[in-house]
Amino acid sequence: MKAAVIESVGKAVVMEVPDPTPGPRDVVVEVAACGLCGTDLHILQGEFAPTLPIVPGHEFAGEVVGVGTQVTELSLGDRVAVDPSLYCHECRYCRTGHNNLCERWAAIGVTTAGGAAQYAVAPVANCVRLPEHIRTQDAALVEPLSCAVRGYDVLQTRLGAHVLIYGSGTMGLMMLELAKRTGAASVDVVDINAQRLSTAQLLGVSGSATNADELDRPQGWDVVVDATGNAAAIQDGLDRVAKAGTFLQFGVADYATRVTIDPYRIYNQEITITGSMAVLHSFERAAELFAAGVLNPEIFISDRLPLESYPQALEQFASGVGRKIVVIP
């Protein structure tokens, strides 16, 4: 089969690889679409994936075309979205409900072969059947939505909060849509990319700007979300949190990224700084929200490219052109 392969740091190619074989409790999914994510860029840079080469792609959906000998929950022809998370279920973090912090954390498309291919293997427990009205190619959005749902689980926001989001890429826009649906009094978005900012405006924001100074909230925001991973955005966002407010680090920063905090201000103003890592008990809920229409795929997916163009798709994604880019095997 054809698959995208990150061969070494900085090098991605499309090549023939062996067809996958399911284990007893696995299914083989014929991939309909696979989304690109900032994690894929980190893998390309030599981060996250423990070894290279690797077939990337942790945001995918498709049709079941093979089942393991002990699979009874799914049948050939079922259409599914796949949760890429692989946990040991034995370590301290798994046993205390923090599976996403698993000491042996792994993920399809990060530590094992993923969905940037014609076929991919997944545990049957990681597959969520899609309802009839959902297009399989659109369901690659379920995985990133599940990360956003996890982010809002961490926030535990109150009704009537004023929210500021840095970044209007796919994840920032998803956080925007969830903020609107969780009772925010206002949702503002900051982005230096005018094209992406226009999409946030299309979805409906209280305010949008290329610099938070342009927004009229001198007292700060109750909730500030960084969806960029950019040091300058993170530093600015930390300074915009209102008293008793919360800063959520949601974007994936480079390992070397550093910012400065003000410990006295954190103490004196009771500011919370927290993070959200990937998916935790949120994939099924994200699938239900997606089926209920929380996202418009035609707005969120800007490019649908053939699998053969995966290296070029990575370059486009890295340049900040477009929103969610998916490859179609």
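This is a predicted model: local features need pLDDT of at least 70, side-chain atom pairs count only at pLDDT 80 or more; totals for chains, interfaces and linings use all residues.
Leaving aside neighbours within four places in sequence, Glu-59 is in contact with Ala-33, Cys-34, Gly-35, Leu-36, Cys-37, Ala-140, Glu-143, Pro-144 and Lys-324.

**Around Glu-59**
- Glu-59 belongs to strand β4, which covers residues 59-67.
- Is Glu-59 buried or exposed? Glu-59 is buried, because its relative accessible area is 1%, and the cut-off for buried is under 20%.
- The side chain of Glu-59 makes a polar contact of 2.8 Å with the side chain of Lys-324. Lys-324 is also among the residues listed as contacts of Glu-59.

**Ala-4 in strand β1**
- Strand β1 takes in residues 2-8, and Ala-4 lies within this strand.
- Ala-4 counts as buried, since its relative accessibility is 0%.
- With residues up to four places away in sequence left out, Ala-4 touches Val-13, Val-14, Ile-54, Val-55, Pro-56, Ala-116, Leu-307 and Tyr-310.
- In sequence, 323 residues separate Ala-4 from Val-327, while their C-alpha atoms are 10.0 Å apart in space.

**Cysteines**
- How many disulfides does the count come to? The count comes to 0 disulfides.
- Cys-37 is in no disulfide, and the nearest cysteine sulfur belongs to Cys-147, 7.1 Å away. A disulfide would need the two sulfur atoms within 2.5 Å.
- Cys-37 counts as buried because its relative accessibility is 15%. Cys-37 is also one of the residues in contact with Glu-59.
- Cys-127 is in no disulfide either; for this residue the nearest cysteine sulfur is that of Cys-34, 14 Å away.
- Cys-127 has a relative accessibility of 12%, so this residue counts as buried.

**Helix α4**
- Helix α4 runs over residues 170-181. Its 12 residues should span 16 Å at 1.5 Å a residue, and the end C-alpha atoms are 17 Å apart, so the two values agree.
- This helix is mostly covered, with 9 of its 12 residues buried.
- Which residues of α4 are buried? They are Thr-170, Gly-172, Leu-173, Met-174, Met-175, Leu-176, Glu-177, Leu-178 and Ala-179.
- After α4 comes Gly-183, which has a positive phi, near 80 degrees.

**Aromatic rings**
- Searching the whole structure turns up 1 aromatic pair.
- Tyr-93 has a charge over its ring: the charged end of Arg-92 sits there, 5.3 Å from the ring centre.

**Backbone points to look at**
- Most residues other than glycine have a negative phi, and most peptide bonds are trans. The next items depart from that pattern.
- The peptide bond joining Leu-52 and Pro-53 is cis, with omega about 10 degrees. Pro-53 is placed in the loop between α1 (38-44) and β4.
- Ala-278 has a positive phi, near 60 degrees, in a residue other than glycine. Ala-278 sits in the loop between β15 (272-275) and α8 (283-291).
- Ala-278 is partly exposed, because its relative accessible area is 24%.
- His-281 has a positive phi too, near 50 degrees, and this residue is found in the loop between β15 and α8.
- His-281 is exposed, because its relative accessible area is 56%.

Notes:
Residues are numbered from 1 along each chain as its sequence is written. Side-chain values use heavy atoms; hydrogens and water are left out. Helices (H or I, at least four residues) and strands (E, at least two) are DSSP runs, numbered from the N terminus. The expected span of a helix is 1.5 Å times one less than its number of residues. Buried means under 20% relative accessible area, exposed over 50%, partly exposed in between (1.4 Å probe, protein chains only). Rings of Phe, Tyr and Trp (its six-membered ring) pair if their centres lie within 6.5 Å; planes under 30 degrees apart count as stacked, over 60 as edge-to-face and the rest as tilted. A charge sits over a ring if NZ of Lys or CZ of Arg is within 6 Å of the ring centre and within 35 degrees of the ring normal. A polar contact is a pair of N or O atoms within 3.5 Å; within protein, one must be able to donate a hydrogen and the other to accept it, and residues adjacent in sequence count only if both atoms are side-chain atoms. Contact means heavy atoms within 4.5 Å.
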